[in-house]
Structures are given as structure tokens and as C-alpha cells.
Amino acid sequence: MIYREAGRFKTSYASDQAIFPIVQDRVFVRAAVVAAFVVPPLVAGDYWLQAILIPFLIYALAAIGLNLLTGYAGQLSLGTGGFMAVGAYSAFKLTTAFPRLSIIAVFLLSGLAAAAIGLLFGIPSLRIKGFYLAVATLAAQFFLIWLFNKVAWFTNYASSGTITAPDRTVLGVTVTGPNATAAARYVMALAFVTVFALVAKNLVRGRIGRSWMAIRDRDIAAEIIGVRPLRTKLLAFGISSFYCGVAGAELVFLYLGSAETLAFDINQSFLVLFMVIIGGLGSVLGSFLGAAFIILLPIFLTRLPHSLGLIMSVALQKQIELMIFGGLILFFLIVEPHGLARLWQIGKEKLRLWPFPH
Amino acid sequence: MSDLLYMVLVAPFKDMAGSPAFLVEVLIGGVFAGLMYSLVALGFVLIYKASGVFNFAQGVMVLFAALTLVGLLERGAPVVVALALTAAVMVGLAYAIERVVLRPLVNQPQIILFMATIGLNFFLEGFGEMAWGANVKKLDIGIPDRSFIVRGVQINELELTAAVTAAVLVTLLALFFQTTRIGLALRAVADDHEAALSIGIPLKTIWVVVWSVAGVVAIVAGLMWGAKSGVQFSLSLIALKALPVLILGGFESVPGAIVGGLIIGVGEKLGEVYWGPLVGGAIENWFAYVLALAFLLVRPQGLFGEKIIERV
Amino acid sequence: MTLRAVLVGILALTVVAGPSVARVQAAGEIFIPLLVYRTGPYAPNGIPIANGASDYFTLVNERDGGINTVKIAFEECEDQYDTKQGVECYERLKAKNPVLVNPYSTGITYQLIPKAPVDKIVVHSMGYGMTATADGRWFPWVFNFPMTYWSQASAFVKYVAQQEGGMDKLKGKKIAHIFHNSPYGKEANPTLEDLARRHAFELTLLAVDHPGQEQKATWLQIRRLNPDWIYISGWGVMNQVAVKEAGSIGVKMDRVVGNWWTGTETDVIPAGDAAKGYKSMAFTAPGAEFKVHQDIFKHVYDKGKGAYGNDRAKVGEVLYNRMVVNAMLNVEAIRTAMTKYGNKPLTGEQVRWGFENLNITDKRLEELGMKGMMRPLRVTCENHEGNGLAFVQQWDGKKWNVVSDWIEPIRDVVRPKLEAEAVAEAKKLNYTMRDCAKEK
């Protein structure tokens, strides 16, 4: 009833090419973004911001990055943790070497550093495909972590071997370091993810995105119609790593505050891949949904027995949580193999016809 | 510069030539370690071959098998009974997986099946620990962990046993695939699901069989690795050591898993012992992957993998 | 379609019900959060640690009715030794106004160090965490008494010298350090390198990659090197494999010494008899023969409140005892604070004062039933490491036994380096040094 397109006509190319062609979508998304900027900082407590929303936004950014590579360009990668580490360590080196450089510039530059490394490790993708490529990107993962661990220069020769986010400000507000409020860090993370989600959305519907999808769907055919695999695949690796690098920098600067290389171990790569698959391959929205699923669900499951009034040991609780979590992943895949994003789409279809489905 | 080249290109070889007995020891250590990796990689290969699933849960299956075995032994079951019961549990697991995971997801893209095994992974992690506890358990299967010395070369009995076991297991598997009717059916399924189905091979049974065999291989891998480090949660992490072996050998090849294991094992030990000290050591993990990557650049389908034929 | 409806239902529930905010702590109690890992790869170590804490706090509540009649409220949160889950736990339990936290994980400690002064929660990383925080002038909120990794490494070298017959006998000896390739594992390296230069022993550093299930290459190198002494800094599965490998290549086990996280009952299990003679450093004595254990049995286990349930055999294990001492130090620090601020629930700042003025005398240890379990300890504003001593324990195939006297670390080597390091670490956080003369 409310969500209906009938009677709305596209009268210009601009309106035909809009990201959200339906006016209700446009209004909804804008309202949601504004709400996301305004409501949580005012309402949510430290726990919600620090333990749930900030990691959600950061992982969503990383998931968008990996989705560009895996979901759109079809290149399976398990090097995400390594690329995130490149971002984090570059950001640390940059901001300690040039303390006056704006932290936003630092994040973007560390994204570029990650992109450069991503390009390098993307080269084998020209020859290697599928799961073989995934395991090949693990070489990047293990090598990079080893490197950051081994070379003391990356941590400014700290005997603790960790990198720590110093206090940095944007427009006079402290956004990183221990003295930054959770709200400030949240807004910073949200701003980044909003801008980059928009960029991603535009990328994937343009020439670049279409060439990625062509490569994904059948790379030989794509090559024949004139998509250059070298450029296209490397571009995917580069841009994806850029996203992951920025997310990695955020992980240390906006979320953890200090980190050792273990924070970027192989589990991170898997975690982000889970988000992409559960959320929906080839969907920017899916990246958000997947991140929410993987971050929120375990916390919810941990709290569940308590809310139901069940008393059990934390160990048993965790074990049951793992079992249910695994079971739910299976259940979701069986019911909706195309991910949560597809579920969203189905919902929208239904809403279009509601309340008169026939 | 020339110093550096000397250190990288000459010194390690001089070192090797200087003490051949030690070199032999490193090589043997590499062969044994490699076969241990092969044991884990075999499970992946079997499942990938027959059902096209990259089974992320293989590591946890190893853990689960070892936990079940040691749990039964602790409760006083004789070794043979415990082994039989564990095998039964693994077959039961295979059956359940076929019913709950594979059947509803048939014809889904590989990555979805991969994700499904991740769900399985979480489930088994929780379930195994809940059933058997999180403590480190000693696995005593009667193999003494001693070393003996042959011409100045130290050989560890446990590792020797593991190597022999791996060799026997591979031979048995090869015979099973080549000579039995089920083996024939397995190969048919591996070649083409639909064609196999159309000539009357029961796909579901085949899957149960393959996952069961992979479960039994997991028991053996669990035995060997469990004897080394005690049976504990970390056993599930050995999958990461098997992955380079798997890509190097090819996902579909049983002999590939063995040869890959040998190359990775020997390669990473030589790398760590002779070149590791140049860069501060602990290079084994990434060295194995880089080694595998180097092979892949030459043969993108792994050493023994099926040739990729591309058409539009 | 119905399945899909279920799916949507679950999602909606997750988002709506979500993590509700924790209830606020009841008045009249002191809250201590316990970040534990009873599951996952590190659970074999995490379980005795968690149980030690739980049992001691229960003991204080049951036997004494709390700390000077102020009850201790404590709540466990499972983090699987994972830093991110640990942060979630910390943030969740922060709502209950804790006064102190024992992170029991290097990664989580690093997270909490910058947060401590902001959240006003004392971080006590007993024998782990960041060595530099021992300089209390820079890190008022973090305590790592009774000892740091650097002091420990120097105590190990001193022990070797004792066994060899004097510091001058170290010359030319070969010592190998096998370490987990992480910031934690590398902690001992600078101290060992420094001492190697001073005493002219030959030091070889061998890194083992995480998680350390496969160490063949490392032990092959050991075999070729044939060192006189081996020092191991490991954690988790790396320990079990290292002890096992050491046993199987036939090195002299009584010359293999683990650091205090590499010498528990769990670490020697898989090696079986081959582990006999293996040694490790420690700062708390093992065994269940101390009076405090009798109290724990009587007041906690007999009432059915023991963390191990009926399995009393595990009470007195190395890590259990260490956590009992840790919990005791927490309690005594709060008690110290109460002498100044009164017997009531305290704030984090008040408890911090208690930590800084903690003075555990021999007499006090005897009153607590812990005489001999650890050495008297005095913490000051400058020195958050305290004046703790270490000793060496040895595995006899059944249990750990104390085999050395208490060893004084080589403080004149460790302390100056530590102070220099504290300046570097504090600079990263823009801290300023406080003047301890003005603190009272």
C-alpha cells in the first residue's frame, strides 16, 4: 500500500540510473543514515557502542571490501586478516611519524598501502582459480603476520610488540586513543562506512563492477568480449584491499585501541568471509547484514540463558552457544542459500503487493 | 650485497654438505612431518573428490574422533572396542551429515557447501567439548615415544609408526578405490554426479560411505597427532597445516596428498633449519604456503589435480 | 515458506531482544569481574585459573563474610582467550562498577592498559602483560607484581649459574631460548641478550610459530646445537609438544626449564614418563598442603560450592594455586584500601591506593594460611612489580616439587631497562610521569 511504484514514471536518465530508483527506498535509506548518526550516540550506552556497534561497523566495512572481491569479482580470498594488518600497521607508522597529519588522511593512506600489497598478492589470481586461489591468498595472510611480528620497525621497536592508537582529533574532537569517547569513535566509523558503502554501490553498478561480474560469471567469455582479466582482477584485489586496510586501521584506532599481530590472525580472514557468505555474495547490503549476524548472534546467544533465567556454567553456555550458532548457520544456508540480502529482497517483493497479494 | 647472496645461496648448502648426518635427520624429520600432514589432507581429498565439498570441518572431525577415542579409553574400554566404537560414531556422524547438510544443499554452489561445513565446524566444536571436556588428555596407544640411532641419525619410533601407518592407509585406500565395487562407484560419482546417478549409482549411499571413510581417516590422524601433543582442542587447528599439502597435491588426488605432504614437509624443514635463522626463524607456516604457491604458478590445478579444461 | 518465517523470526528476536544492558550491582558489595576461558584451545590452562579465583573469593565470602564484612560479588564471563570477546566481556561487566580486573591474557591486558585510567579500574596482570607497566610512576593503574618476565629471565640465568657453580662459570655455556613467536614469547629476549653479553654465555633464540603443534625443525636445531640449558616461553599446545619433543630427542630434562606459563600439570601430560625431571620457573608453590587449602575444602567444598565440584584432586595444581594467590592479593589490596577509606564498598581509585600500598608480610601470609606459598611482597608507588622472588620447580612424574631456594632477580640489570621502556611506552599514550614523593 505504502510501498508501491505504480504511477511513478522515470522521466530522465538520471532517475533511471539512481541507486535507489524507488522513492520510498530513498527516503528510508536517508532516514536510516541520519538516524544512525544521531540516535545511538545519544541513546546507546558504552557497552552497546564499544562492544557491538563499533565492531559491527568496522567489520561491515571489511565485509564490503571482501564482497567486492569475492562476491562481485569471484576471487576467493582468505588474506583479509593480512590486508587489515597492513592497514593497521601503516596507520600506526604514519600517525607516529607525522603526528600532525589528519587521522582521516592517515586512514586513507593506510588503505592505499593495503591496496598496494593487495595488488601484489593478487597477481597469482591470473593463473590460479577457486579454492586453489583461496589457499594461495593464505600465503599472504601468514607471511604478512609473520613480517609484522618479526620486524620491530613496524611497532617502533616497542618491546611489548604492540601498536597503540594515540589520541588524534578531527575538528577538535578526540576520535582515537583511550581518551576518545565511544560516541566519537562510533560516528567516525559510521562516517567511513557510509561513504565507502556509497562508493562501493556506485562502483559495482558502473563499468568496473560490470567487468568484475563478467569475470566472475565466466572469465574466458569475459575476456573474449573485451574485459581485460589482468586489469580487472588486480583492480578488484586493489580496491578490496583498500577497504580491508581502512577497516584494519579502524579496528586498532577506533575499536581495540592497541593490538598485537594476533588480532589479525587467520580467524579474522575466516570471520569476514563468513559475513560475506551469510550476508549474501554480491550484495553491499548483505555485507552489513552478515556482519550483524556474525557479531550480534553470539552475543545474543550468550545472554539468552541468563534472560531465560537458566543458570549454567559459562563453559556449558559457550559450548551450547557454539552448537546453536553452527546449527543456525546450517539452517540459514538450507533455507536461504543466497544469504540474508536475498531475504531482504523477498521481503521487499512482498511489501510491494501488500496488502493485496493477488 | 655479495655477502647477502652468499648467506642465502651458498652458506646453507655448505652447511648441509658439512654435516650430512644432520641433513639426513632433517630430511627424515621432513618426511615424517609431511606424512603427518598427508594424513589430515587425505580426509579433505576424499570428501572433495566424491562430493565436491571443501570440508572446513575436517580438522574438527580429527579432534572429535580423537576425543571420542580417548574418552572411551578413559572409561575403561579396551583399545579394539574403543576403536570400533569410535569408527561407529564417525559413520553415524557421516550419516547425519548426509541427511542434515548435504541432501538439502545438493546442487548449491561450492562456496555455500563450504560455508555449511563451517556451520558444522562450530557445531562439532561445541558438541565435542561438551561431551568430552576441554582438558588435555594423554593418548596412550602403546607406541613408545623413544628414539633410536642408526649411523648417527636419530629416528623417533612414534614418527616412524605414523609414517608407516600413513603409507598403509594410502595403499588400502588406493586398493579400495581401484578394486571394489563401491570404489568404482565412488570414482564414477567423482567424475560426474549426474551421469553416475543416471546409471543407477545411489548418490546418497556413496556420500555416506565417503564421509565415513573420511571419518576413519580422521581417527587415524587424530591418533597420530594426539599421541604427539595430547588430545586437546588445538588438534582442530592442524587443518591449516594440511591446506598447503592439499593445494600442492591437488584437491582430487589421493597420491597427490602423499606427494604433496612429502614436498611440503621436507621443504619447510629445510627452509626452517637452513634458511630460517637468516630471518629470525618461525618461517615454517608461510614458507609452506609460498612453496605451494610456487608450484601452483606452474601447475594451477596442483601436481596431480584434474586438468582444468576451460570452455566458453 | 514456513522455514523462512522461522528464520525471519530468529533474526527479529536477535535484533530486538539483543543484548540487554546488565543490571546494576547490588549496593554493599564489591564487584570483581572474572574474564575466564573454560572453553577453546587454552581451556586446559583456563580452567584451573578460573576455579582458583572462584574458590578463593567464595572462601572469603563464606569464611569471613567478605572482606571486612563487605561481600565480594564476582561474575565469570567466557572469552575463549580471544581478545575481542574479552573486550566484550569487559564492557559488559563494566556496567557493574568493578574495582579491578585480572585479564589473564596478554592480548586483553594490552587492551585494558590504556583504558584503566579512563575507566578507573585497576588492572592486575600477575606475572604477565606488559613488563614496562612495572614502573608505577608512568602507569599508576596497572600492576604486575610479584614479578615480570624480565625479572624472571634474570632469575633463570641466576639459577643456571647456581647449578653451574657461580656466575663466572656461565662463560662459554650454551643457552637456547625457545619462544612462542608473539610479543609474549619475545619478552625474555632482551634480558637474556643483555645477560649473555655481560656473562659471555652463548645465547640462541629459536622462535616457534603459533600455535606450535609442529616443532620438529626447532628441536632438530636443538639437537645440532646441543645446548647446556634450554629455556622455554610457550603457551597452550606449544608447551605440550615442546616437552614431548624434548623428551623424545633425549635432551637432559633437568636442564630444560620452562617459564612460569610453561610448567603446569597439563604441559607434561602427553609426554608421560619422558617429562620426568622437567623444570619450570614459578613464584607460587604447588600442592594442596597449605592451610588455605584446608580452609577451601572446609568452607567451600564441604558446602558443595567448590568450582571443581567433587573432584578435589585438582585443588593445589600449579595454575590453581597461582590464581588463589592472585585472588588473595586482590583481596588484600582491597583490605589495605579499607584501612584508609573504611569498611565499605570502595571505588576503583580507592582500591588503586590499596594496590599501591600493599604490604604482605610473612606474618600476614601465615594468618592467611599461605606461608611458603609465596614470598612476602611489598608494592610501592614506583615499583608495581614489587619485590617478588621466583624459584624453580621440577616434575617428578606425579607432581611438581620445589627444587630451589627463592631466587632474587638481577634487579640492577632489569630495572634500568624497564624504566627506559616505560618512558617509551608511556610516550605512546601521552602520559606524564607522576611524582611519587607527593603521593601518600
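1. Gln394(C) stands opposite Asn401(C) in strand E14 of chain C. This pair belongs to a predicted model, in which local features need pLDDT of at least 70, side-chain atom pairs count only at pLDDT 80 or more, and totals for chains, interfaces and linings use all residues. Residues are numbered from 1 along each chain as its sequence is written, and chains are lettered from A and ligands numbered from 1 in the order in which they are written.

2. The strands E13(C) and E14(C) run antiparallel and are joined by three bridges; two strands pair if DSSP finds at least two bridges between them. Helices (H or I, at least four residues) and strands (E, at least two) are DSSP runs, numbered from the N terminus. E13(C) and E14(C) form a hairpin with four residues between them, and Gly397(C) in the turn has a positive phi of about 100°.

3. E13 (residues 391–395) of chain C also pairs with strand E10 (residues 279–282) of chain C, antiparallel and through four bridges. Within this pairing, Gln394(C) is the bridge partner of Lys279(C), and Phe391(C) stands opposite Ala282(C).

4. Strand E8 (residues 229–233) of chain C has five of its five residues buried, so it is largely enclosed by the rest of the structure. A residue is buried if 20 or more other C-beta atoms lie within 10 Å of its own, exposed if 12 or fewer, and partly exposed in between, with C-beta atoms placed from the backbone. Both faces of E8(C) are covered: Ile230(C) and Ile232(C) are buried on one side, and Trp229(C), Tyr231(C) and Ser233(C) on the other.

5. What are the pairing partners of E8(C)? Strand E6 (residues 174–180) of chain C pairs with E8(C) in the parallel sense over five bridges, with Phe179(C) opposite Ser233(C). Strand E9 (residues 256–258) of chain C runs parallel to E8(C) and is joined to it by three bridges; here Val256(C) is the bridge partner of Ile230(C).

6. Buried or exposed: how does Arg197(C) count? Arg197(C), which lies in helix H7 (residues 189–199) of chain C, counts as exposed, with 10 C-beta neighbours inside 10 Å. Arg197(C) and Lys171(C) are 26 residues apart in sequence and 9.8 Å apart in space, C-alpha to C-alpha.

7. In helix H13 (residues 348–356) of chain C, the buried residues are Val351(C), Arg352(C), Trp353(C), Gly354(C), Phe355(C) and Glu356(C). The buried residues of H13(C) pack against strands E3 (100–101), E4 (122–124) and E5 (142–143) and against H12 of chain C. Contact requires the C-beta atoms of two residues, placed from the backbone, to lie within 7 Å.

8. Chain C is divided into domain 1 (22–147 + 286–387) and domain 2 (149–282), with bounds that come from an automatic or database domain assignment. The domain centres, taken over C-alpha atoms, are separated by 29 Å. Twelve residues of domain 1 of chain C are in contact with 16 residues of domain 2 of chain C. Helix H2 (43–64) and helix H12 (318–341) of chain C each supply at least two residues of the domain 1 side.

9. The contact between chains C and A takes 46 residues from chain C and 40 residues from chain A. The chain C side divides into 20 nonpolar, twelve polar and 14 charged residues; Ala, Val, Leu, Ile, Met, Phe, Trp, Tyr, Cys and Pro count as nonpolar, Asp, Glu, Lys and Arg as charged, and the others, Gly among them, as polar.

10. Chain A has 14 helices and four strands. Of its 358 residues, 54% count as buried.
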